[in-house]
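Here are a few notes to go with your first look at this one. Have it open beside you as you read.

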Amino acid sequence: GNSVTQMEGPVTLSEEAFLTINCTYTATGYPSLFWYVQYPGEGLQLLLKATKADDKGSNKGFEATYRKETTSFHLEKGSVQVSDSAVYFCALRAQGGSEKLVFGKGMKLTVNP
Amino acid sequence: DAGVIQSPRHEVTEMGQEVTLRCKPISGHDYLFWYRQTMMRGLELLIYFNNNVPIDDSGMPEDRFSAKMPNASFSTLKIQPSEPRDSAVYFCASSFVTSPLTFGPGTRLTVT
């Protein structure tokens, strides 16, 4: 079946550090890929997405590139801020399948000033 | 748009009691999802609807859980009887065709 594997953390970084959160997936064909972010006490919010191979999603300084050859969608940010402290989820939607998303387990990031 | 609305935001109840969680999806969205989030299991899809019809309820943990969507603007998730292991944050989310999911703020359920 379809699945997502991501770094689980927790991870603590200093402000302005470089961030990478690894995400790999298992699925047939070309799924759509997503990163969601959950701030404390809130629901999940879409951070960025990519729907085909080599697409790069970007938002709020975060980027992720859909790599079909390595079945990966790693999230990166060059300089994190305290306000980026949150839980980050990688997710996929199967190609031509139902609308449901399959989520990774999430990774908690804490950024210290 | 007010986004996905869930109520209550917090619920504390005693074991054995019935619990009803409510969700109002974004107007025009034709898919509605119920997820449960716990530390141990992360995010689990419980059930989802398309045009008010349940499509996949394979994630519903057991018969104590039931979900309905009587119309396009309202859904409920009911637990009867509730147990301490049901304590979790329950999220409702909605979407339109292939749009990304929009999540509600969640209901934090504590069963004592």
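The points below go through the contact between two chains and then one residue.

1. Bear in mind that this is a predicted model. Everything that follows is computed from it.

2. Start with where chain B and chain A meet. Chain B puts 18 residues into the contact and chain A puts in 16. Together the two chains bury about 1400 Å², with 57% of that on carbon and sulfur atoms. Look for B:Leu43, B:Pro100 and B:Phe103: this trio supplies 33% of the area chain B buries against chain A, more than any other three residues.

3. Now for the polar side of things. Between chain B and chain A there are five residue pairs in polar contact, counting pairs with both residues at pLDDT 80 or more. The salt bridge count between these chains is one; it joins the side chains of B:Asp56 and A:Lys100, at 3.0 Å from N to O.

4. Which elements of chain B give two or more residues to the side that touches chain A? They are β4 (31-38) and β5 (42-50). The largest share, four residues, comes from β4(B). By type, the residues on this side of chain B are twelve nonpolar, four polar and two charged.

5. Finally, have a look at B:Glu11, in strand β2 (residues 10-13) of chain B. Leaving out residues up to four places away in sequence, B:Glu11 touches B:Val19, B:Arg108, B:Leu109 and B:Thr110. B:Val111 is 100 residues away along the chain, yet its C-alpha atom and that of B:Glu11 are separated by 8.3 Å.

Key
Residues are numbered from 1 along each chain as its sequence is written. Chains are lettered from A and ligands numbered from 1 in the order in which they are written. This is a predicted model: local features need pLDDT of at least 70, side-chain atom pairs count only at pLDDT 80 or more; totals for chains, interfaces and linings use all residues. Side-chain values use heavy atoms; hydrogens and water are left out. Contact means heavy atoms within 4.5 Å. Buried area is the accessible area (1.4 Å probe) that two parts lose on being put together, summed over both. A salt bridge is a side-chain nitrogen of Lys or Arg within 4 Å of a carboxyl oxygen of Asp or Glu. A polar contact is a pair of N or O atoms within 3.5 Å; within protein, one must be able to donate a hydrogen and the other to accept it, and residues adjacent in sequence count only if both atoms are side-chain atoms. Ala, Val, Leu, Ile, Met, Phe, Trp, Tyr, Cys and Pro count as nonpolar, Asp, Glu, Lys and Arg as charged, and the others, Gly among them, as polar.
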